[in-house]
Amino acid sequence: MPEAPKDTHKPSDYNLELKNKKTLQFIEDVTSNADEVQKKVLEEILSRNAHVEYLQTHGLNGHTDRETFKKIMPVISYEDIQPHIDRIAKGDTSPILCSKPISEFLTSSGTSGGERKLMPTIEEELRRRSLLYSLLMPVMSQFVPGLDKGKGMYFLFIKSEAKTPGGLVARPVLTSYYKSSHFKDRPYDPYTNYTSPNETILCPDSYQSMYSQLLCGLCQRKEVLRVGAVFASGFIRAIRFLEKHWPLLCNDIRTGAIDDQITDKSVRDAVMKILKPDPKLADFIEAECSKDSWQGIITKLWPNTKYVDVIVTGTMSQYIPTLDYYSNGLPLVCTMYASSECYFGVNLKPLCKPSEVSYTLIPTMAYFEFLPVHRNNGVTNSISLPKSLNEKEQQELVDLVDVKLGQEYELVVTTYAGLYRYRVGDVLRVAGFKNKAPQFSFICRKNVVLSIDSDKTDEVELQNAVRNAVNHLLPFDATLAEYTSYADTTTIPGHYVLYWELSLNGTTPIPPSVFEDCCLTIEESLNSVYRQGRVCDKSIGPLEIKIVEPGTFDKLMDYAISLGASINQYKTPRCVKFAPIVELLNSRAVSSYFSPKCPKWLPGHKQWGNNKN
């Protein structure tokens, strides 16, 4: 995840070496004194928010010490503070959660009741996020020298935003960051020299934004030293876009004029400062893109690229083979770990293998606690965690410096913006230590079974969506005997696949249109993040239902038992990832149907009447 692009002039007294040295020293200092820093962070949060309603209601009475805080304040999830969030969203400006005014809401990719969660934030949090971004390149420069001598080609996008009834903006954290002065008016930094002008990133039309960013990246191909996007899925979408639109892009480069479909004046003006007629470059790109194989296309078009900077941990690991194919095995670098609630940490060994990525939590970002995770079943892909904690579990939480090597924990944060002992929902494993600060591998998001992009669909939601869909089968006297699902990323964009085994009691054949209706009903029943991915971001393809032969799920059980599953405890998995199981299901598919159109989606929350900004 890159920093803000900037093209201001270099100040005469700029010393990159000294700046990097100071940054690395900062990491040394805060990790060496992790516990003292954490204690100070909690004291600061609690003293400045001593009089807020939430802390007073729980009877904290101005205490700022850890012991009292842990004894009095409950460990919570989103549903516990939703009534407070709703009040702020409706315009209550009293200090409910935080003494500083809530400046906007950050919309999480996690959902509650089918809608994006709203995370309160305050103006100064932008400074904290900027601080974490500023650590990334000094760390990277230890492993890859000379990155200040060229440019980064990053595909960055803003997403739609809405206004709450009280007038606060609600938008994703990166959209908030890219639209802030911290991003747009950043002081000179050679590491923030990007091929994409700000105007192309801030263009709300995703086609025009992608087209213009690719065009600028191709024009500056020799200067590009690193490429990336936020998520692996986004970077692959950019390559797919190039596959589809390279003739248009070549035409623009050949003639030095930008395609008429790019109508945003600020984008056209910014691109025209970079675009010059270059028939030779157009011929070269055309020759490469016309080839049957696109293996290594990144290294062919951008020959000086040292690495691909994308998140490939968690569900994004499914994209690693595709990235390796397009990049000829360039290093895949995950630089940082962040969420809407809080920015957490950085990867201090960025050139490690994706499977070995671990993040060092920066102790100044928030106050961190850790809830030990006890898995019932070691092989489960999706870890299910209890919704609310009993008193014994509340007491199990440990501080940052007290976690144990190899143990898994759920992350709990207390932030400057008004979250107190909030369960983020990420499961992390302690992989090592940097001085006194632990380093964590991201294991998974709790309860998530399906994910293609930033969408997260859990088992309960999937079950309800399927239940709604099978009503279409009732007139044909057919029922659903068993089902499972799979996030298919072999297509671009990826899409959800459901495998259905039916019990047919009637004699009337079921027409294809009925199964297509089933697909659409499932999509309509899924959360707003999924539907936004389908409708607006085009980051998820149409949902597919594959009908499998009778007896398929018995075969699935036989296979699981042959691998050592207990016949008494076997339950049909509602999501599959293991390749041989996917192959087994596909080999027994007799027909397949896709959703015929996009589901309904509008910005904002249902209860706001979709008050778009």
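Colleague: Which residues touch the most other members in the largest nonpolar core?

Modeller: A nonpolar core is a set of buried nonpolar residues joined through their side-chain atoms. In this predicted model, the largest such core holds 170 residues, and those touching the most other members are Phe235, Phe368, Leu411, Leu473, Trp500 and Ile522. Helix H11, residues 232-255, supplies the largest share of this core, with 11 residues.

Colleague: What does isoleucine 522 touch?

Modeller: Leaving aside residues up to four places away in sequence, isoleucine 522 touches Ala465, Val466, Ala469, Leu498, Trp500, Leu543 and Ile545. There is also a second, separate core of 10 residues, including Val497, Tyr499, Leu556 and Ile581.

Colleague: Is threonine 521 buried or exposed?

Modeller: A residue counts as buried when its relative accessible area is under 20%. Threonine 521 has 18% relative accessibility, so this residue counts as buried. Threonine 521 lies in helix H18, residues 512-525, and, again not counting residues up to four places away in sequence, touches Asn468, Ala469 and His472.

Colleague: At what angle do the axes of helix H1 and helix H6 cross?

Modeller: Angles from 65 to 115 degrees count as roughly perpendicular. The axes of H1, residues 16-32, and H6, residues 125-141, come within 9 Å and cross at roughly 110°, which means that H1 is roughly perpendicular to H6. On the H1 side the contact is made by Asn20, Thr23, Leu24, Phe26 and Ile27, and on the H6 side by Leu131, Ser134, Leu135, Pro138, Val139 and Ser141. Sorted by class, this contact has 7 nonpolar and 4 polar residues, with no charged residues.

How values were computed:
Residues numbered from 1 in each chain as written. Predicted model: local features only at pLDDT ≥ 70, side-chain atom pairs only at ≥ 80, totals over all residues. Heavy atoms only, no water. Axes fitted to C-alpha atoms, helices over the stretch in contact; angles between N-to-C directions. Helix = DSSP H or I, 4+ residues; strand = E, 2+ residues; numbered from the N terminus. Parallel < 35°, antiparallel > 145°, perpendicular 65-115°, else oblique. Contact = heavy atoms within 4.5 Å. Nonpolar A, V, L, I, M, F, W, Y, C, P; charged D, E, K, R; others polar. Core = buried A, V, L, I, M, F, W, Y, C linked by side-chain atoms within 4.5 Å. Buried < 20%, exposed > 50% of the residue type's maximum accessible area, 1.4 Å probe, protein only.
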